[in-house]
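Visitor: I have a structure open and would like to go through a few parts of it. Can we start with a helix and move on from there?

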Amino acid sequence: MPVTGVHIWYYYICKREVWLIIHQIAADQDDENIDLGRFFNEQTYQRDKKELSLGHIKVDRVREENGELVVGEVKKSSRFKESARYQLLYYLDTLRQMGVQARGELLFPKERRRERVEWTPEAKQELEKAVADIRRIARLPVPPPPKKISFCKKCAYREYCWAEEN
Ligand code: SF4
């Protein structure tokens, strides 16, 4: 099963959601976030997008600076920064496996912020653990139990996970 940047992004938010997405469980039909692809894109700042697709990875921005390749991931807000950081590190690691060395940049245009992200052996180790865990989660016969987090409020699966509370 190819692990994508989207899987990595959700992995650092909710492991149950990773299982639900991989198993293509339909979310609440009335939910405005029903289209998970659209919802994910809405977390990403769209203006002036210059995407680059390489295999199963899709990066928002690519530029060169002093002979160095810089890969940018543009987000609407820094709220899910840790997830965005690992998503970007995953892209940097995938590029390295293709023989391309690059550094990363998280861009939050609405907050006028940018953060440098560097591939490190420690980040690679962490990503290898995450990928193995995503594959383990995918093989589970049932999803991990729900855990109440702030993301639940925006999640297309909130009815599915918390129906008894609503
Ligand atoms: S509602 Fe909450 S627990 Fe359920 S999948 Fe979404 S984020 Fe995870």
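**Helix, ligand, hairpin**

Guide: This is a predicted model. Helix H2, residues 15-22, is largely enclosed by the rest of the structure, because six of its eight residues are buried.

Visitor: Which residues in H2 are buried?

Guide: Arg16, Glu17, Val18, Trp19, Leu20 and Ile21.

Visitor: And what follows H2?

Guide: Glutamine 24 follows H2, and its phi is positive, near 50°.

Visitor: How many residues surround it, and which are the closest?

Guide: The ligand is surrounded by 13 residues, and the closest are Cys14, Glu17, Cys152, Cys155 and Cys161. Glu17 is also one of the buried residues of H2.

Visitor: Which helices supply at least two residues of that shell?

Guide: H2 does, and so does helix H6, residues 158-162. H6 gives the most, with three residues.

Visitor: New topic, strands. In which sense do E5 and E6 pair?

Guide: Antiparallel, over five bridges; E5 covers residues 102-108 and E6 covers residues 113-117.

Visitor: What is the bridge partner of glycine 104 in E6?

Guide: Valine 117.

Visitor: How many residues lie between the two strands of the hairpin?

Guide: Four residues lie between E5 and E6. In that turn, arginine 112 has a positive phi of about 50°.

Key
Residues are numbered from 1 along each chain as its sequence is written. This is a predicted model: local features need pLDDT of at least 70, side-chain atom pairs count only at pLDDT 80 or more; totals for chains, interfaces and linings use all residues. Side-chain values use heavy atoms; hydrogens and water are left out. Buried means under 20% relative accessible area, exposed over 50%, partly exposed in between (1.4 Å probe, protein chains only). A residue is near a molecule or strand if one of its heavy atoms lies within 4 Å of it. Two strands pair if DSSP finds at least two bridges between them.
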